Amino acid sequence: MNPLSRRKGLRLGFLLGLLPWGLLGATNGPVGISPESLFQLGNREVSAGNYTNGLTAYAKVAAVPRTSAALEYNWGVAWSRLGEEGRARSHWRLAERLTPRNPLVLSALRRPTGAGTTPVETEDLLGWTDRLTLDEWGILALVPTWCWGGLLFLRRWKPAAAAALRGYTLGLGLITLVALGVLGAALARRSLGPDALTSTPQTPVRISPLAEARTAFELPAGTPLKTRSFREGWYLVADPRNERAGWVRAHHLTRLPLR
Amino acid sequence: MVTLILHPLLAPFRRILSEATLLVLVLCAVAVQTRAEPSFQAELAPDSVGAGDSATLRLVFTDLGDVEAPTLPAVTNATIRYQGVSQQISIVNFSRSTSLIHQYQVQTQNPGLVQIPALSVEAGGQTYTSAPLTLRVGQGFDMSRIGFLRLMAPRPEVYVGETFPVEIRFYYRETPARQAPPSLKLDGFIKGQQTVENLPPETITNLLYSVVRWNIALTAVKAGELSLGPAEFQTLYVFQTQRRSRGMNSLFEPLFGGGEQRQLNFQSEPLTLKVLNPPSAGRPPQFAGAVGQFQLDVTASPTNVAAGDPVTIRVDITGRGNFDALRLPDLPSGSGFQLYPGTNSFTPNDPLGLSGKKTFEAVIIPESPGVHSLKWPMLAYWDPSTKAYRTDADHPLSIHVRPGVQSQAQPVGTVPGPAEPRTPPDSVNPQLELPLIPDLGPLVETSPSVITRPWFWWVLTFPVWAYGLAGLIPTWKRRCRESRQPATRDEAERRLATVIRSMRDAAGSGRPADFFLHLNNALQERIALSVGRPGGSFTVDVIQERLIPAGLGDEEATRLRALLERIAEARFSPDSSAAELSELLAEAEFSLEALGCMTRRA
């Protein structure tokens, strides 16, 4: 058989095999356009200066509803080029939760902005735990815990080796405790800290969950907030910096996943 | 007839018979064409009914053509309603007649007589007159035999604004086929929730009644001597008639509910309630019409705010009474706060909603910094049980207010819509412009981390608790064994006693083979108990290895060894004299006792 025709046949078979998966995927996203194509389209529009079109394309990618760090970062860049630094930061924060060590995301978040347009964020004592995701901290705690457990079983199984393993057991036990402590600290920091960001400029915070209610104060886009409760499309939020609380409509907020 | 004509025996007469048959048919036809005399008569059925029952009046016009339904004169003690017309054709003695029947319902009222006068109608130029009729009306149906209705209130005196339950009880001896919910005539009361339940049967005047009760919550809204009721309860009963129907009707009666249907409306006696206004003397200024017994609980969150920030106030009022009349009072003037009323909800504790918890949520906004003590709200209500006004207030709220930033108020009702992209600003610093990431990367769901799932923590800590369990298993096994040991030991002791008895019997009756068998079993059992191991086949070696270290004396060991060797010899020569058996029995009992003492010492 001609190698060329054989290669063509293999390619055709591969494409036919992918057809059902393609049909399945088409039910989840915009018909006919893959998320990757939409993402590239958004990049082209943003590069060409058509930020609005770029934002529309990015929003279509996120309608899956899934997201990626690159999508959130580029989405933030588009908002940033439109001058919406607050909205940009809310996307970058989401990207940071997904890939906390991405240098582009980190540089975007550390980028100086105009005073008054975005809230000032301060680093706290446990800020270094943000360098890893909770999943990564979990694995870092899981490995020494299992190794330590293995050593303990080994000492029980081979009592003669207990004395030789004593130092390793103590050392690994200490490492396990530290790892579990760091995991707990990272979880506590994310659970107790801000879990949402305002996504619209001058987000109104109202005194009750009613559209007619008086606005108590306004927050710039990208302000980190702690949600306390949810009622019929409204979040009761508190600003951790000054404990001011009020009600914000859900579509004014970007929820940060506990990751 | 046709069969008769076609019969073979009558073949010769077939022609004659055919002609005769034809003649008979012609005569019948001619005779039927003969008409009866026109007439008009009135019929009443039945002629005797009970008060409230109805009878049927039929005006029968025979061979008078189409006669309009006559208008009947008014009669006393009954009302007559026209029901309809029907036609009937009858042939009697070759006389055919056509009757037009107008039917009326005579609804009686009171016991006595109903006189229906003679009726005259004009037809065909002649006047026809019916005979007068009399309907006897008896005492009627005794509803008290079926059941009765009672209306009850908890007390004869209530207060305006007070919510209280009333009961409607239906006592019945026969279950109605259908029923409608009872109605209650109300004037000066507002009806609330209603429940229904079956009560245990009650015996009244030696008759057993089933009881169903409706509870209704009422709220008095005006003062005075107010009449409550009567309550009415409409039912439909089906009574089996005494007359047995015949023919086809009796077949269909079970299917279509044969029997007499009777609509019975039960009515209770009305009640008179004295409704009072709460007195004006001693009325607190905060009183707003609440009647009942209430408790107040107030919480505020947050209690440390900046001036202008909202504080959510939650007011819980629990108790019993008219919760509809409870309102959140206004803030006292000069309190330093602005009140923005929010939502309220009520959670009933009983089906009628007489008791429960009402919750108000409101927002207050401090106007100035400082530590504010707010004693609000104060609840004033009239307690009908103690007949006194009461006021309830929670401990004062202490709210620390910091100086706040001035926020620009947004006009009420304006809600920012979805994000609207704006035009790019003119000055974008190109040095700070961020590059785009070219690859989308893997799309992931923004779901919480796996460490928030319970299974992760089970997996994470598995080595720790598995190690702990592994350490506990030997202890658990030892405890199980120790708890089982006494039962095993008791069972072995019982078995040993049985074997010793058999051994003595065998020695006494001179059966050496049995004696040695039981002796061996007894010693093996006793040794097993002494060394703490399950029964097995112990040899002489066990004396040196286990029993002497366990405390068996030298003499006892020597005698036990001799006994075991004798048992071994007996396998080959079991024959022994009675004297020898007696001597061996004594030796065996000595050794068994020695082993037993050793076990007890251990």
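1. The axes of H7(A) and H8(A) come within 8 Å of each other and cross at roughly 155°; axes here are lines fitted to C-alpha atoms, for helices over the stretch in contact, and angles run from 0 to 180 degrees between N-to-C directions. H7(A) is therefore roughly antiparallel to H8(A), given that angles over 145 degrees count as roughly antiparallel, under 35 as roughly parallel, 65 to 115 as roughly perpendicular and the rest as oblique. The crossing of H7(A) and H8(A) is left-handed, a term used if the near helix is turned anticlockwise from the far one by less than a right angle, with right-handed used if clockwise. By class, the residues in the contact of H7(A) with H8(A) comprise 21 nonpolar, 5 polar and 2 charged. In this classification Ala, Val, Leu, Ile, Met, Phe, Trp, Tyr, Cys and Pro are nonpolar, Asp, Glu, Lys and Arg are charged, and the others, Gly among them, are polar.

2. A note on the basis of these remarks: this is a predicted model, in which local features need pLDDT of at least 70 and side-chain atom pairs count only at pLDDT 80 or more, while totals for chains, interfaces and linings use all residues. Residues are numbered from 1 along each chain as its sequence is written, and chains are lettered from A and ligands numbered from 1 in the order in which they are written.

3. Chain A contains 8 helices and 7 strands. Helices (H or I, at least four residues) and strands (E, at least two) are DSSP runs, numbered from the N terminus. Of the 259 residues in chain A, 38% are buried. A residue is buried if 20 or more other C-beta atoms lie within 10 Å of its own, exposed if 12 or fewer, and partly exposed in between, with C-beta atoms placed from the backbone. Among the contacts in chain A between residues at least 6 apart in sequence, 56% join residues at least 24 apart. Two residues are in contact if their C-beta atoms, placed from the backbone, lie within 7 Å.

4. A:Thr176 lies in helix H8 (residues 162-192) of chain A. It counts as buried because 22 C-beta neighbours are found inside 10 Å. Leaving aside neighbours within four places in sequence, A:Thr176 is in contact with A:Pro144, A:Thr145 and A:Trp148.

5. Residues of H4(A) including A:Trp75, A:Gly76 and A:Trp79 meet residues of H5(A), among them A:Ala88, A:Trp92 and A:Ala95. This contact divides into 9 nonpolar, 3 polar and 4 charged residues.

6. A:Pro224 is placed in strand E4 (residues 224-231) of chain A. With 21 C-beta neighbours inside 10 Å, A:Pro224 counts as buried. Its contacts, apart from neighbours within four places in sequence, are A:Pro194, A:Leu197 and A:Pro240. A:Pro224 and A:Thr254 are 30 residues apart in sequence, and 9.5 Å separates their C-alpha atoms.

7. The contact of the two chains takes 65 residues from chain A and 53 residues from chain B. On the side of chain A that touches chain B, helix H7 (residues 134-157) of chain A gives the largest share, 13 residues. The residues on that side of chain A divide into 32 nonpolar, 19 polar and 14 charged.

8. In chain B, 3 strands form an open sheet with mixed pairing, in the order E11-E20-E17. Strands E11 (157-159) and E17 (224-228) of chain B are the edge strands, each pairing on one side only; two strands pair if DSSP finds at least two bridges between them. Neighbouring strands of this sheet are turned by 40° against each other on average, direction ignored. E11(B) pairs with strand E20 (residues 271-276) of chain B in the parallel sense over 3 bridges, and B:Glu157 stands opposite B:Lys274 in E20(B).

9. B:Met143 belongs to the loop between strand E9 (133-138) and strand E10 (147-152) of chain B. B:Met143 counts as partly exposed because it has 17 C-beta neighbours inside 10 Å. Beyond neighbours within four places in sequence, B:Met143 is in contact with B:Leu264 and B:Phe266. The C-alpha atoms of B:Met143 and B:Phe266 are separated by 8.0 Å, although the two residues are 123 residues apart along the chain.
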